[in-house]
Amino acid sequence: MKPKNKFQKQVVEASKTLPKLTEKQIEWGYRNCIEHIGQRTSKGIVTCTDCGHKWQGDGELISTLLGCECPNCKAKLIVKTTRKRIFEGCEYLCTITTHEGYQVLRYIMIKSVAKVGKTVKYTHSEVMQRWIAPNGKYCTFAKLRQTMGTMYYDSWIFGTPLELRTEIDVYNRILPYYYYPEQQLIPELKRTGIKKYIINQRPFDVFHALLSDSRMETLLKVGQTELFSLFLKDRSRKIDDYWASVRICIRNGYKVKDASLWCDYIGFLRYLGKDLHNAKYVCPSDLHKEHNRYMLKKAKADAQKEMEKLREKEADFAQAKGRFFGLMFSDGDITIRVLESIEAIVLEGKLMHHCVGGYYSKEDSLILSATIEGKKIETIEISISRLEVIQSRGVCNKNTEYHDRIVQLVQNNIPLIEERLAA
Ligand SMILES: [Zn+2]
């Protein structure tokens, strides 16, 4: 892709003078990123798949647990007792370096094919570079990937050029396990006091976050690493929503240990209109307890709101179904009545453990309740336009022994409903 803006043009220009990877770096990758296998036969002969050297090894348990060192090439070997004769390895090595004022991360894929009795063959290819400017802007150089007929998103095609590409999510998913030990940081990152390996995160994410938002730098400096990690990982959490409260924590020396729980808790406080600048709320000594207490409060407030909403709808309901109110019929044992409010329908659903509770809004439905001596038996739904029973259900949607009688009783009394319709 051709550079599209000034920033990309500058980076492409700078990339032309980026030094090649050194032999020392590649050698380090071959040594450290790939498992070196000692193939052990059942008779205890170990073959170093690095150099092909063969010798009588220790017992199986000792060799497999402790590994061993090849007496010839001194490679640290992982010993596998197997008949397998070919071992393939593939890992990423990442170097962290600077160039022309940019922070540069270089991703090298290292592959190995080791055959018992032969010298191991290594290949490597620099497949991606990420360039980050001191203001947090970044762009990515990459090789092309095989996208057809493979389940791997990182099947790089080694022969393609490493060039500027449109950003895609795949680039963010590459997670190298190995980092070259000699690392360089641009001054803007050094200043943040970031220490290697402290934060178990992708360095690219960490660098980008630190350079693009000074608040992330603050979190790191004051040791709020849990919050730092959360804002890095969970994109749905916006630092803006919590920053006022975070500052109160910092001022009070309150360290957030469970960041997602704390953020949820702050969410409850906000919902309930509590003062998010008040340390009394924001810095609870027992976060779990307060979190649960306010979660309950919120649930209650939610239920209250829900009921209020329903109450507002009662007038509409009475308007729509009022003409059927008071309708009742009985065969002497079973009594069937129209349910006359949303509240009554919701309650019916709860008591009977079925979903009639949501039916109050169904325009064409009339909901009736069948009882015997006041005890609820089944709930009936009638189609008003078709004047027939849609369903009649007992507790937990089961039919009762009265089911057929109830349906028949309703059918017999359809004329009563018709009368109301005609009125
Ligand atoms: Zn060897």
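The C-alpha centres of domain 1 and domain 2 lie 39 Å apart, and the bounds of these domains come from an automatic or database domain assignment. The protein chain is divided into domain 1 (6-179), domain 2 (213-289) and domain 3 (325-422). Please keep in mind that this is a predicted model, in which local features need pLDDT of at least 70 and side-chain atom pairs count only at pLDDT 80 or more, while totals for chains, interfaces and linings use all residues. Residues are numbered from 1 along each chain as its sequence is written.

What lies between domain 1 and domain 2? The largest nonpolar core has 50 residues, and those with the most contacts inside it are Tyr 107, Trp 131, Phe 207, Leu 210, Met 216 and Leu 227. Both domain 1 (6-179) and domain 2 (213-289) give residues to this core, so it lies between them. By nonpolar core I mean a set of buried Ala, Val, Leu, Ile, Met, Phe, Trp, Tyr and Cys residues joined through C-beta atoms within 7 Å. A residue is buried if 20 or more other C-beta atoms lie within 10 Å of its own, exposed if 12 or fewer, and partly exposed in between, with C-beta atoms placed from the backbone. Apart from this core lies another, of 19 residues, among them Ile 336, Ile 345, Tyr 360 and Ile 406.

Let us turn to a pair of helices, where helices (H or I, at least four residues) and strands (E, at least two) are DSSP runs, numbered from the N terminus. The axes of helix α8 (residues 225-233) and helix α10 (residues 259-271) come within 9 Å and cross at roughly 80°, the axes being lines fitted to C-alpha atoms over the stretch in contact, with angles running from 0 to 180 degrees between N-to-C directions. That makes α8 roughly perpendicular to α10, a term for angles of 65 to 115 degrees. Glu 226, Leu 227, Ser 229 and Leu 230 in α8 meet Ala 259, Ser 260 and Cys 263 in α10, where a contact requires C-beta atoms, placed from the backbone, to lie within 7 Å.

Finally, consider two loop residues. Lys 74, in the loop between β4 (68-69) and β5 (76-81), has a positive phi of about 65° although it is not a glycine, and Lys 74 is exposed, with 11 other C-beta atoms within 10 Å. Glu 373, in the loop between β14 (365-372) and β15 (375-383), has a positive phi of about 50° and, with 7 C-beta neighbours inside 10 Å, counts as exposed.

Note on methods. Angles under 35 degrees count as roughly parallel, over 145 as roughly antiparallel, 65 to 115 as roughly perpendicular and the rest as oblique. Two residues are in contact if their C-beta atoms, placed from the backbone, lie within 7 Å.
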